[in-house]
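User: Could you walk me through this fold and then one of its helices? I'd like cut-offs along the way.

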Amino acid sequence: MAAEPNCQPSYKEKIYRAYLEFMEVAERQRRWNIFDDIPWDALDRSLNSEQKAIRVETFCAEELYVPDYTACGLVLTRDIFGLAWFAANWGYEESRHGLAFREYLLRSGMRTPAQMEALENTLVSKTWRLPFMTRRQMACYGALQEAATYLAYKAQRDRARDEKDRTLETIFFLVGRDEAAHAGFYRRIVGFEMDEDRAGAIADLAHVLGGFEMPGAGLIPEYKERLRDAGGGISPRRFMERGLLPILRALDIGRDEFKQAQSEESAAVAAVANDDSY
Ligand SMILES: [Fe+2]
Ligand SMILES: [Fe+2]
């Protein structure tokens, strides 16, 4: 008797379909541009402050590393169509974010073109490199990082709304919505990885969480201090409650299962630290 044909989509096919769904929503519902969709005429210079400028400038700086992010992402994913094409589109979407923040700083008068150029010269003197080396780990990193970015921008959107800064509120709404979509795509990829190797993917998620840092840390001068002093970050507790736990729930990873992976990760780190053969 002939064997039943395998009708399950392959790993690559699942990713391709997920990419196509992502793109359909992006193209039909989520596209925006800085020329028509941001109410620049609502800018009110009486709402300017140096703290706000530092916050937006720090987010802008982090977004401006898009050449490094995209270059590394494309090299890592080039043999998987859905992932590589996602990386290309992701780079375009992220490029809008830096542009919107940059234009806000300039049009509000909080920064001059010369100040922006000086900032960019500082930024390009350092190169962002992949914080983790495998596609699976970088999918975990993407899920965590995009969720954290979404939460930070959501807090800024609420703040801008309270301050009646409609221009900035709109920017954080549009940019944050992109980040949420990115988080959702990466989370799906982690789910596909779990279909292939559940324990390995969960171990990677625990590993990445253990060494997690936002991309701007180590690149942008005084990154953490700037966010802390200007009120731009999110608390670790909020990241856990609103970032990590929804990821675990969406992927149907039990708390105990994840804690077990975290303790194995800690034991592995301790074993390496205690290994005097290095
Ligand atoms: Fe972004
Ligand atoms: Fe993003």
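User: How many helices and strands does the protein have?

Analyst: Quick background: this is a predicted model, where local features need pLDDT of at least 70, side-chain atom pairs count only at pLDDT 80 or more, and totals for chains, interfaces and linings use all residues. Residues are numbered from 1 along each chain as its sequence is written, and chains are lettered from A and ligands numbered from 1 in the order in which they are written. Elements are DSSP runs numbered from the N terminus, with helices being H or I of at least four residues and strands E of at least two. On that basis the protein has 11 helices and 0 strands.

User: Why is the protein said to be as compact as a globular protein of its length?

Analyst: The globule rule is 2.2 Å times the number of residues to the power 0.38, and the radius of gyration is taken over C-alpha atoms. For 278 residues that rule gives 19 Å, so the protein counts as that compact because its radius of gyration is close to this, at 20 Å.

User: Which residues of helix α9 are buried?

Analyst: Buried means 20 or more other C-beta atoms (placed from the backbone) within 10 Å of the residue's own; exposed means 12 or fewer, and partly exposed is in between. In α9, which spans residues 223-230, the buried ones are Tyr223, Arg226 and Leu227.

User: Why are they on the same side of α9?

Analyst: The arc is taken from the directions from the helix axis to the C-beta atoms. They're on the same side because that arc is only 95 degrees. On the other side, the exposed residues are Glu225 and Arg228.
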